[in-house]
Amino acid sequence: MAKISVQFTLNGSERAEFVESGTTLLAALRDKMDDTSPKGGCHQGACGACTVMIDGELRLSCLTLAETCNGAQIRTTAGLANGEVLHPLQRAFEDAFAAQCGFCTPGMIMAAAALLERNPNPDRADVVEAISGNVCRCTGYEPIIQAVLLAARANSTSAA
Amino acid sequence: MAVKRGRGVAAVNYPTGMNLGGDPTQALVHSTPTGSFMVTLSSVDLGQGLKQIMAQICAETIGVPTESVTVDTADTDTGPHCMGTFASRGTHRAGNAVIQAAREARQVMLEVAAEELEVNASDLDTDGSGNIHVKGAPSRSISIFDTALAAHFKHGRSISGRGMFLVPRSYPETETGAMKPSTCYAHACTVAEVEVDEETGEVVVLSVKNVFEIGRALNPKMVEQQLIGGSWMGISHALYETTEPYYPDREHGARDYNEYLMPGPGDLAETEIAVLERPSGDGPFGAKGPGEMCANPQIPAVANAIFDAVGVRVDTLPITPERVLRALRQRDAGATA
Ligand code: FES
Ligand code: FES
């Protein structure tokens with residue numbers, strides 16, 4: 001099958017690749033662009049492990065075709081840290097022991113990042129709703145909820 | 001419509017590992033030329049934190065910082081033998097093997113340092129931050145870095161050790177069938193509070209209060225993390241997880257995360273965790289295996305709480321609304337009969 005070109009901005013860098021038509025964004029990121037931070041948990045839109053941001057909106061990369069992303073701004077967990085300095089959410093996940101196997105973590109962090117960008121002072125119910133499309137097998141969710149609240153508090157004290 | 005409340009309690013006595021064929025695990029430890037240490041294992045870290053714990057155990061035994069230990073669990077073809085990561089056995093079995101291997105490596109390390117310092121190895125001690133010194137004379141010292149260099153390039157010695165943990169095999173007595181299935185038991189007790197809707201059969205777990213007796217917590221934060229996750233998983237087993245229904249045929253069973261149910265972040269019971277530390281006699285630094293045990297007591301506690309609430313015993317898992325309704329119907333039929 002003829003390959004088609006896809007071109008978008010991934011975590012601030014221009015990227016271009018040839019992929020087969022029908023390739024998911026998840027496969028393009030992981031297999032072609034060396035960004036393995038989005039995980040494939042179910043490949044059918046039910047677990048949230050593949051969550052990325054496309055033009056500022058949360059999207060499941062397993063249900064998004066790479067060819068529909070031409071010209072888009074794509075962000076993944078791999079682009080959150082600033083060099084050696086972790087993003088406040090990454091630090092909070094570490095401090096709150098919010099990852100065990102870590103498979104859900106990148107998706108959880110993207111979902112939480114989207115929440116904090118539109119609502120910097122979420123309450124517990126906001127956090128629960130924000131991560132309700134993400135499945136975690138290990139943590140029992142509570143440590144993740146606490147980590148997101150911790151990151152929000154850290155943000156608001158550093159902004160003050 | 002009547003929503004009834006109930007409270008149930010349950011306790012478990014849970015073996016660490018098993019005793020089939022001795023349940024062996026082996027470990028190898030060696031130093032690099034610059035005095036970092038490598039632990040080689042076939043035991044696998046699947047998120048429970050085995051690598052961190054093995055690094056701590058090795059570091060504590062040799063007397064070096066945890067950061068200078070790397071744990072390699074890469075390959076079960078080429079690594080030392082391990083029965084596997086299951087039965088809550090990782091910390092206990094692999095930990096004991098790592099201690100034995102690390103002791104042997106430490107001994108070689110001290111012998112090399114003794115030659116360099118021209119003293120007896122038995123007079124030497126480690127300071128835990130990368131140096132070896134004469135007991136009582138901290139200024140007569142050599143770094144582990146220099147000791148490893150000397151071992152590799154001057155003395156031709158390998159700072160390494162072999163470790164093995166094997167449980168003495170226990171056979172059942174022919175008369176009674178009695179045997180010793182395990183050498184080490186962890187314990188837990190849970191009190192669960194539930195609400196049962198008699199009209200829909202739905203059960204909501206309001207709270208679980210758990211106490212876990214896990215030997216010594218080698219990494220208290222990681223233990224707590226595993227216990228919180230385990231408690232959630234216990235409720236999940238009790239009420240949600242199943243590949244049923246099997247009717248009209250198997251094709252109608254759960255095939256994905258939309259159909260295979262687990263409690264989500266909006267369904268969490270209020271959860272309390274308390275840890276009791278009673279060091280085990282044969283565990284590494286007193287540890288036991290809390291892994292599987294911590295997801296068990298919630299199940300009978302929830303079943304007992306349902307009985308307390310509505311007087312029915314559901315003895316098949318998970319306790320779905322359908323099963324509760326069937327049991328309630330039977331209860332009511334019995335009452336009118
Ligand atoms: S892999 Fe995309 S939702 Fe599960
Ligand atoms: S940490 Fe394992 S799935 Fe969430």
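In the predicted model, the side chains of B:Arg89 and B:Asp23 form a salt bridge with an N to O distance of 2.7 Å, a salt bridge being a side-chain nitrogen of Lys or Arg within 4 Å of a carboxyl oxygen of Asp or Glu. This pair joins distant parts of the chain, 66 residues apart: B:Arg89 belongs to the loop between β4 (69-72) and α2 (90-117) of chain B, and B:Asp23 to the loop between β1 (3-15) and β2 (25-31) of chain B. Helices (H or I, at least four residues) and strands (E, at least two) are DSSP runs, numbered from the N terminus. B:Arg89 and B:Asp23 are both buried, where buried denotes under 20% relative accessible area, exposed over 50%, and partly exposed the range in between (1.4 Å probe, protein chains only).

The model is a predicted one, in which local features require pLDDT of at least 70 and side-chain atom pairs count only at pLDDT 80 or more, whereas totals for chains, interfaces and linings use all residues; side-chain values use heavy atoms, with hydrogens and water left out. Residues are numbered from 1 along each chain as its sequence is written, while chains are lettered from A and ligands numbered from 1 in the order in which they are written.

A second salt bridge of chain B connects the side chains of B:Glu213 and B:Lys288 at 2.8 Å, N to O. Here too the pair links distant parts of the chain, 75 residues apart, with B:Glu213 in strand β10 (residues 203-213) of chain B and B:Lys288 in the loop between β11 and α5 (298-310) of chain B. B:Glu213 counts as buried because its relative accessible area is 4%, and B:Lys288 counts as buried because its value is 8%. Salt bridges with shared partners also join B:Lys4, B:Glu198, B:Arg331 and B:Asp332 into one network.

Between chain A and chain B the count is 1 salt bridge. It is formed by the side chains of A:Arg137 and B:Glu241, at 2.6 Å, N to O. A:Arg137 is partly exposed, with a relative accessible area of 34%, whereas B:Glu241 is buried, with a relative accessible area of 8%. Across the interface of chain A and chain B, 4 residue pairs are in polar contact, both residues being at pLDDT 80 or more. A polar contact is a pair of N or O atoms within 3.5 Å; within protein, one must be able to donate a hydrogen and the other to accept it, and residues adjacent in sequence count only if both atoms are side-chain atoms. On the side of chain A that touches chain B, α4 (124-130) and α5 (142-159) of chain A each supply at least two residues. The largest share of that side, 3 residues, comes from α5(A). By class, the side of chain A that touches chain B comprises 15 nonpolar, 6 polar and 3 charged residues, with Ala, Val, Leu, Ile, Met, Phe, Trp, Tyr, Cys and Pro counted as nonpolar, Asp, Glu, Lys and Arg as charged, and the others, Gly among them, as polar.

In total, 24 residues of chain A are in contact with 22 residues of chain B, contact meaning heavy atoms within 4.5 Å. The two chains bury about 1,700 Å² between them, 65% of it on carbon and sulfur atoms. In chain A, the residues that lose the most area to chain B are A:Phe97, A:Gln100 and A:Arg137, together 38% of what that side buries. Buried area is the accessible area (1.4 Å probe) that two parts lose on being put together, summed over both.

Within chain A, strand β3 (residues 51-54) is covered on both faces, with A:Thr51 and A:Met53 buried on one side and A:Val52 and A:Ile54 buried on the other. In a regular strand the side chains alternate between the two faces of the sheet. β3(A) pairs in the antiparallel sense with strand β4 (residues 57-60) of chain A over 4 bridges, two strands being paired if DSSP finds at least two bridges between them. The bridge partner of A:Val52 in β4(A) is A:Arg59. The hairpin of β3(A) and β4(A) has 2 residues between the strands, and A:Asp55 takes a positive phi near 45 degrees in this hairpin. β3(A) also pairs in the antiparallel sense with strand β5 (residues 73-75) of chain A, over 2 bridges, and A:Arg75 in β5(A) is the bridge partner of A:Met53.
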